[in-house]
Amino acid sequence: MSKNPMAASLSMLNRFSGSPLVQKLGIYKSAQKVAHVAVREGFRAGAMVARQWNQAQKLIRPERLATAKNPTDLFDLNVTEEQQMIRDTAQRFAREVLRPAAYAADAACAVPEGFEAQLAELGLASFAVPEALGGAANEASVVTGALVAEDLAHGDVGLALAALAPIGVANALVRWGSADQQAKYLPAFAEGTPPRAAIAIAEPRPLFDPNELRTRATMDGDGFLLKGEKSLVPLAESADLLLIAASLVGKGPRIFIVERGTPGVKVSADPALGARAAGLGRIVLEDVRLPSHAILGEGVDVCDFTELVDLSRIGLCALAVGAAQGVLDYTIQYCNDRKAFGEPISNRQAVAFMIANIGIELESMRLLTQRAASRAEQGLPFHREAYLARVLCMEKGMEIGTNGVQLLGGHGFIKEHPVERWYRDLMALSVMEGGLLL
Amino acid sequence: MNLEIPKKLKPLVDQAHVVATEIFRPISRKYDCAEHEYPFELDMLASVMDGMNEGDAGGGAGAGKLRQEKKSGEKSGVRNGTNMATVLGLTELCWGDVGLALTIPRQGLGNAAIAAVANEEQLKRFKGCWASMAISEPGAGSDSAAIRTTAIKDGDHYVLNGEKIFITAGGRSDVVVVWATLDPSAGRAAIKSFAVQKGTPGMQLVRLDHKLGIRASDTATITFTDCRVPKENLLGNPEIDVKAGFGGVMQTFDNTRPVVAAMALGVGRASLERTKELLKERGILGGYERTLFGSTSAEAELYRMEADLEAARLLTIKAAWMADNGIPNSKEASMAKAKAGRAANHITLRCLQLCASVGATETELLEKWARDSKMLDIFEGTQQIQLLIIARRLLGKSSAELR
């Protein structure tokens with residue numbers, strides 16, 4: 001920990017607000033406001049540690065974020081000033097960095113060069129890490145996470161997933177990690193270049209259900225032996241750290257922390273139709289031996305698997321909302337510009353009603369997602385809400401994706417326009433499990 | 001951000017639910033069968049509701065209370081007010097019976113119209129009346145600008161001539177709010193609403209319709225033949241203001257669309273809840289455990305319907321929340337109405353099918369709800385009209401461009 005919290009805080013903020021990217025994006029004003037808030041709240045920057053998973057500090061007990069209290073008990077769709085600032089930044093980043101890079105990243109199945117450095121300058125990861133571990137977070141912010149996921153996905157789903165997958169791992173460690181796990185892994189996420197990391201739940205078989213994992217963990221001496229296969233894992237090939245869901249024999253589903261280079265872990269690219277920029281891959285676990293402390297959480301704090309799946313689904317829903325908003329914005333403009341039979345095609349009800357329906361269902365998806373997120377944030381039960389959000393986003397995401405392409409006709413089918421990418425992205429999101437976590 | 005219903009509105013929701021359970025449900029089938037018989041049981045309820053609103057410093061709830069809150073200059077915090085209370089209360093009542101809810105004395109759509117556009121003097125004068133709403137004509141429904149009923153100024157009166165159909169509670173109300181044009185050649189700007197007292201010479205109740213559903217609520221046809229209405233009964237601005245155009249009269253709908261959406265939510269929820277109970281006996285538990293495709297087909301159907309209903313509910317509450325906070329909500333009100341109307345109709349029909357013959361026969365209310373719900377996707381603007389409004393807003397188009 002820094003001896004002088006204020007000085008460290010200012011130095012960290014200086015890095016953010018003084019970065020060329022922040023200047024280029026014209027978000028200096030937001031940066032100043034963030035600086036103001038952060039200093040006012042007195043957030044502290046932690047000591048910098050190298051990425052080698054060395055435990056640089058000792059925690060007596062795990063750092064958990066407080067659940068957010070709704071100060072007025074009123075139904076309120078307004079975001080806080082701080083959330084708005086973060087959104088402004090995320091939206092500009094999506095518009096000016098993600099959207100222009102989307103086409104090439106989709107083709108390359110990888111993030112563009114320098115992407116992580118740009119991302120690091122935004123410092124989003126530090127908002128996941130508690131103050132005591134060098135980050136800027138002081139209370140759970142599932143809603144903020146959902147808003148940022150939506151905004152980034154509006155730029156590009158694949159890149160948003162690549163950006164948020166590591167934050168999801170940090171969120172899981174904050175929520176369930178033991179003191180030692182937190183001290184070992186979390187400070188790195190608040191650093192200049194956060195580690196590449198992702199949560200692996202999905203397995204490659206039809207009718208996959210996270211409650212019926214075939215990846216199995218057995219007790220092996222004082223550790224575990226992992227066997228199985230995972231699919232649709234973001235950043236798979238380059239991940240420094242993976243959280244892998246496996247069924248612990250006799251106990252039920254658990255999450256295991258697997259570091260890069262652990263013997264028996266085989267990783268290969270496994271491109272899907274969508275979210276390709278996230279570098280989706282498959283992971284084969286062949287008798288992977290893990291130490292006893294590799295299981296996420298300990299004692300009563302052992303990871304709540306249902307909650308993990310639900311928080312991940314809310315995140316995937318938020319990404320789908322962002323993509324669907326992209327479809328709506330794009331088709332409005334296209335159908336207003338495109339003329340047929342002497343007038344804009346949007347003058348026809350057959351076209352206009354499709355757009356109206358995209359608008360209705362998009363807002364439906366958003367409200368279900370936000371309700372689930374806000375319940376999670378307030379510590380209320382949210383399994384039902386996350387489940388229903390998932391159902392709706394799956395059904396309507398597919399519908400919006402296909403109608404987006406339809407509205408552009410033949411032009412929707414070619415890669416000159418992004419609607420075919422959203423079509424693919426929305427389908428990939430609808431079958432994904434894990435990947436990120438709010 | 002918080003999407004939960006505030007605790008302070010819980011007593012109101014609970015009260016409404018008790019009314020729905022104890023008053024509406026027991027007589028639901030009775031007035032579905034005895035169409036056009038007056039449900040006298042509601043007189044007591046109406047008095048109780050009047051009393052509750054009188055005593056409520058918080059603004060109360062109900063048709064006569066709906067108003068767009070004026071946006072105050074300073075930021076005084078978020079409000080959960082009358083619009084939200086009305087939407088929540090009505091959802092519960094319509095969970096009991098939508099036909100009966102539509103015929104609660106002094107809670108007519110005309111009351112909502114008066115609340116939305118009347119001046120202070122008129123508000124006072126029509127206080128305590130039961131007002132219905134007369135817009136549709138044999139030749140004009142959704143196309144309300146095409147109405148042909150005329151109101152010609154003659155001294156201190158307007159003389160009304162024309163025929164109005166589909167007037168909910170038209171047989172039972174004391175006052176009918178009639179849309180008529182001051183000048184048929186002047187287009188929509190000339191359309192004004194008039195509060196016409198029952199018994200005014202020249203006003204005649206022609207018939208009550210026999211309907212598919214909401215049979216507890218009467219639907220009237222009324223003709224106006226040289227019907228002289230005092231000029232003070234014109235609601236809103238008497239001038240033909242081409243700029244303001246339809247704004248005045250249409251404003252009523254921004255307030256009442258979420259209300260009709262709320263009705264749909266009530267019926268849809270009633271059907272879904274009862275179906276879940278009945279399916280439980282068949283071992284369909286629906287605990288949100290398996291994925292959609294790992295569930296049985298009946299469970300998956302329930303999940304999809306529940307997600308749609310929840311979406312409709314949140315859209316409706318959002319629209320009401322916007323009205324409470326002085327945020328223009330025309331698009332959102334239409335989204336709520338469109339989603340809730342179609343979701344409720346789909347849900348009631350599918351629930352009937354899921355329950356097979358139990359759903360189709362009169363031993364259960366499922367078949368009744370399946371008939372009632374159809375109306376909710378039609379009145380106060382059909383599904384298609386809502387889509388038009390939403391599309392125009394999203395696309396930035398006028399009604400001349402997107403017709």
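Which domains does the domain assignment of chain B give? In this predicted model, the assignment divides chain B into domain 1 (7-121), domain 2 (129-235) and domain 3 (247-395). The secondary structure of chain B consists of twelve helices and eight strands.

The overall dimensions of chain B were computed next. The C-alpha trace spans about 70 × 50 × 45 Å along its principal axes. A compact globule of 403 residues would have a radius of gyration near 22 Å, and the 21 Å of chain B therefore agrees with that expectation. Of the 403 residues in chain B, 53% are buried. Sequence separation was also examined: among contacts in chain B between residues at least 6 apart in sequence, 75% join residues at least 24 apart.

Within chain B, the C-alpha centres of domain 1 and domain 2 are 24 Å apart. The contact between these two domains takes 22 residues from domain 1 of chain B and 22 residues from domain 2 of chain B. On the domain 1 side, at least two residues each are supplied by α1 (10-33), α4 (98-101) and α5 (109-117) of chain B. The largest share of that side comes from α5(B), with six residues. By class, the side of domain 1 of chain B that touches domain 2 of chain B comprises twelve nonpolar, six polar and four charged residues.

The contact between the chains takes 38 residues from chain A and 39 residues from chain B. On the chain A side, α9 (305-337), α10 (349-377) and α11 (383-408) of chain A each supply at least two residues. Here α10(A) provides the largest share, 13 residues. The residues of chain A that touch chain B divide into 19 nonpolar, twelve polar and seven charged.

Helix α10(A) also packs against another helix of chain A, α6 (residues 142-155); the two axes come within 7 Å and cross at roughly 150°. Angles over 145 degrees count as roughly antiparallel, and α6(A) and α10(A) are therefore roughly antiparallel to each other. From α6(A), the contact involves Val142(A), Val143(A) and Ala146(A). From α10(A), Thr369(A), Gln370(A), Ala373(A), Ser374(A), Ala376(A) and Glu377(A) take part. The contact of α6(A) with α10(A) has five nonpolar, three polar and one charged residues.

Conventions: Residues are numbered from 1 along each chain as its sequence is written. Chains are lettered from A and ligands numbered from 1 in the order in which they are written. This is a predicted model: local features need pLDDT of at least 70, side-chain atom pairs count only at pLDDT 80 or more; totals for chains, interfaces and linings use all residues. Domain bounds come from an automatic or database domain assignment. Two residues are in contact if their C-beta atoms, placed from the backbone, lie within 7 Å. Helices (H or I, at least four residues) and strands (E, at least two) are DSSP runs, numbered from the N terminus. Ala, Val, Leu, Ile, Met, Phe, Trp, Tyr, Cys and Pro count as nonpolar, Asp, Glu, Lys and Arg as charged, and the others, Gly among them, as polar. The radius of gyration is taken over C-alpha atoms; the globule rule is 2.2 Å times the number of residues to the power 0.38. A residue is buried if 20 or more other C-beta atoms lie within 10 Å of its own, exposed if 12 or fewer, and partly exposed in between; C-beta atoms are placed from the backbone. Axes are lines fitted to C-alpha atoms, for helices over the stretch in contact, and angles run from 0 to 180 degrees between N-to-C directions. Angles under 35 degrees count as roughly parallel, over 145 as roughly antiparallel, 65 to 115 as roughly perpendicular and the rest as oblique.
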